[in-house]
Amino acid sequence: MKAQYEQHWHEVAQEVLLEMRTWREEHPKATLQEIEEEVDTRIARMRAGLVEGIAMSSAAAEVGGRAAGEPAHCPTCGGTLHARGKQVRKLVTTGKQTVRLERSDGSCPTCQVGFFPPG
Ligand SMILES: [Zn+2]
């Protein structure tokens, strides 16, 4: 099964290519340096998106290999965990891009235990 970020990556790449084509049409006399700057900015954005996607896919795997969007289950009783919200961590990476790491936090109403603590 394809990871979510793989699909997203294709969309972002398409978007960037389209943006660059439009930009080029609007800047037919751009210097090589200007072109490089435009490309670098977008590459930095794509890079951040990929880092975020890969990091998040790993976080999803840690909580039991469930597919994104599906409810998590308690490893003890198998009941559906109640979401307690998401914890978000923001990091700034290469090219001043923000990488947003999100981790869902849940608790089991039966066992009265919380899961996915920060760490
Ligand atoms: Zn439980």
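## A pair one turn apart

Let's start inside helix H2, where Glu-38 and Arg-42 are four residues apart and therefore separated by about one helical turn. Their side chains meet in a salt bridge, with 2.7 Å from N to O. Keep in mind as you look around that this is a predicted model.

How exposed or buried are these two partners? Glu-38 is partly exposed, with a relative accessible area of 22%, whereas Arg-42 counts as buried at 12% relative accessibility, because buried means under 20%. Helix H2 itself covers residues 32–62.

In total, the structure holds four salt bridges.

Look next at Arg-45, which meets the side chain of Glu-15 in a salt bridge of 3.6 Å, N to O. This pair links distant parts of the chain, since Glu-15 sits in helix H1 and Arg-45 in helix H2, 30 residues apart. Arg-45 also forms a salt bridge with Glu-19, at 3.4 Å from N to O. Arg-45 lies in helix H2 and Glu-19 in helix H1, so this pair ties together parts that are 26 residues apart in sequence. Glu-15 is partly exposed at 42% relative accessibility, Arg-45 is partly exposed at 31%, and Glu-19 is partly exposed at 26%.

## The nonpolar core

Which residues make up the largest nonpolar core? There are seven: Val-12, Ala-13, Val-16, Met-20, Trp-23, Ala-30 and Met-46. Helix H1 (residues 4–26) gives the largest share of this core, five residues.

Leaving aside neighbours within four places in sequence, Val-16 is in contact with Arg-42, Arg-45 and Met-46. Arg-42, with residues up to four places away not counted, touches Val-16, Glu-19 and Met-20.

## The zinc site

Now find the zinc ion. Its protein donors are the SG atoms of Cys-74, Cys-77, Cys-108 and Cys-111, lying 2.3 to 2.4 Å from the ion. In sequence, these donor residues are spaced C-x2-C-x30-C-x2-C.

What is the geometry of the site? It is tetrahedral, with angles of 103 to 114° among the four donor atoms. For comparison, the ideal angle for four tetrahedral donors is 109.5 degrees.

As for disulfides, the count comes to zero.

Definitions and conventions. Residues numbered from 1 in each chain as written. Predicted model: local features only at pLDDT ≥ 70, side-chain atom pairs only at ≥ 80, totals over all residues. Heavy atoms only, no water. Helix = DSSP H or I, 4+ residues; strand = E, 2+ residues; numbered from the N terminus. Contact = heavy atoms within 4.5 Å. Donors = N, O, S within 2.8 Å, 3.2 Å for Na, K, Ca; no water. Tetrahedral: all angles 85-135°; square planar, octahedral: opposite > 155°, others 65-115°. Core = buried A, V, L, I, M, F, W, Y, C linked by side-chain atoms within 4.5 Å. Buried < 20%, exposed > 50% of the residue type's maximum accessible area, 1.4 Å probe, protein only. Disulfide = S-S within 2.5 Å.
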